[in-house]
Each structure stands twice: as structure tokens, then as C-alpha cells.
Amino acid sequence: LLRLHSLPRPRAASQPMSDQVVRELEERVSGLERRLSDLDGATGADDTGLLPGRKAGGSDAQVLKKVSSRLQDFEAQITAQLSNMQSDFDKKLSHVNRGATSMRAMDGA
């Protein structure tokens, strides 16, 4: 399973997703696509596949719809997480800027 907490945090405030995060997500999605195609090719006439006790319960369209739905949920989670990180970063930056401004006022006096 994908672990959201293992994703690297973006570093630049102006760049919501770093290139590294995007590449990692693309690699994970391509890996999932490969696994899905492997599973599709692995189902033989006896429907043993990876889960022998389970029959192919849905058509390709149903499976793709479910995968699409889960990817959308994952994307929403990533977006929310990045938004929270951006907000935290902006708050910290604002706090640092306020401290620097007050230090300049004290230096000028």
C-alpha cells in the first residue's frame, strides 16, 4: 500500500509540489498500472490469480472505475496534505519576517 507519510516535503513556498514528489508519484502510478496489467494478464481460465478464493467479481470497467475513484481519493489526500504544509510554512515565514522587522526597528533606534 502507498504510505502518505513517506512522501518528501516540498521545500519552496512558491512550488506546491516539488519535482521529486511529482516524479515519485508518477513512478508509483506507473507501478500500479503495471501491476494492474499483470493482474489482468494473470487471470486464466480457472480464475486463480493472486487471490485464489475470490472470483473475478467485476468487469474491466468496474475495476477501472474503482481504481479511478481510489486515485482521486489519494490525490485529494495529497492535495490536502500539501495545502496544510503550505499553510504551516507560510505561518512560520510570516513569524520569521515579523521578528526580522522588529529587529531592524531596534537596530535603527
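Biologist: Quick one to start: is Arg-28 buried or partly exposed?

Modeller: Partly exposed, because its relative accessibility is 21% and buried means under 20%. Bear in mind that this is a predicted model.

Biologist: OK, and what does the Arg-28 side chain meet in a salt bridge?

Modeller: Glu-24, with an N to O distance of 2.8 Å. Both residues sit in helix H1, four residues apart, which is about one turn of the helix.

Biologist: Switching topic: what's the secondary structure of the chain?

Modeller: Two helices and zero strands. Helix H1 covers 19-42 and helix H2 covers 60-108.

Biologist: And how much of the chain is buried?

Modeller: Buried residues are 9% of the 109 in the protein chain. The chain exposes about 9,100 Å², with 55% of that from carbon and sulfur atoms.

Biologist: Which residues form the nonpolar patch on the surface?

Modeller: Val-29, Leu-32, Leu-36, Val-63, Leu-64, Val-67 and Leu-71, with about 470 Å² of accessible area together.

Biologist: Which helix gives the most to that patch?

Modeller: H2, with four residues, though H1 and H2 each supply at least two.

Biologist: Take Val-67, where is that one?

Modeller: In helix H2. Val-67 counts as partly exposed, because its relative accessibility is 34%.

Notes:
Residues numbered from 1 in each chain as written. Predicted model: local features only at pLDDT ≥ 70, side-chain atom pairs only at ≥ 80, totals over all residues. Heavy atoms only, no water. Patch = residues over 30% accessible without salt bridge, like charges linked within 9 Å, V, L, I, M, F, W, Y side chains within 5 Å. Areas by Shrake-Rupley, 256 points an atom, 1.4 Å probe, with all protein chains shown as cover. Salt bridge = Lys/Arg side-chain N within 4 Å of Asp/Glu carboxyl O. Buried < 20%, exposed > 50% of the residue type's maximum accessible area, 1.4 Å probe, protein only.
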